[in-house]
Amino acid sequence: MTQLIHTTINCTTGEVTERPLTAEEIADNERVDAEIQAREAELAEIAQAKEEAKASAEAKLAALGLTPEEIAALR
């Protein structure tokens, strides 16, 4: 198993300090990663819904007799 390391760099002195992450820090990182993945999935679903709504609206406008150019002008 790869050991996760926390690195601190003091910009004034150039001193570099490294230490293994604690179990609490690892758990916190995993929680944050899970939250990020959930949010990205949510945003992807929202984008997909918007694309579907746009396609539906354009199809309805076309059914009313608007040309592709007229539909594009409405954007």
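Visitor: Is D33 buried, partly exposed or exposed?

Guide: D33 is partly exposed, because its relative accessible area is 43%. Buried means under 20% relative accessible area, exposed means over 50%, and partly exposed lies in between, with a 1.4 Å probe and protein chains only. Please note that this is a predicted model, in which local features need pLDDT of at least 70, side-chain atom pairs count only at pLDDT 80 or more, and totals for chains, interfaces and linings use all residues. Residues are numbered from 1 along each chain as its sequence is written, and side-chain values use heavy atoms, with hydrogens and water left out.

Visitor: Which helix holds D33?

Guide: D33 belongs to helix α1, residues 23-63. Helices (H or I, at least four residues) and strands (E, at least two) are DSSP runs, numbered from the N terminus.

Visitor: And how far apart in space are D33 and I46?

Guide: Their C-alpha atoms are 20 Å apart, with a sequence separation of 13 residues.

Visitor: What is the order of elements along the chain?

Guide: The pattern is β-β-α-α, that is, two strands and two helices. The chain is more spread out than a compact globule, because its radius of gyration is 25 Å, well over the 11 Å that the globule rule gives for 75 residues. That radius is taken over C-alpha atoms, and the rule is 2.2 Å times the number of residues to the power 0.38.

Visitor: What does the C-alpha trace span?

Guide: Along its principal axes the trace spans about 70 × 30 × 15 Å. Of the 75 residues, 3% count as buried.

Visitor: Turning to the strands, how do β1 and β2 run?

Guide: Strand β1 (residues 5-9) and strand β2 (residues 16-20) run antiparallel and are joined by five bridges. Two strands pair if DSSP finds at least two bridges between them.

Visitor: Which residues in β2 are the bridge partners of H6 and I5?

Guide: H6 has R19 as its bridge partner, and I5 has P20.

Visitor: What lies between the two strands?

Guide: β1 and β2 form a hairpin with six residues between them, and G14 in the turn has a positive phi of about 80 degrees.
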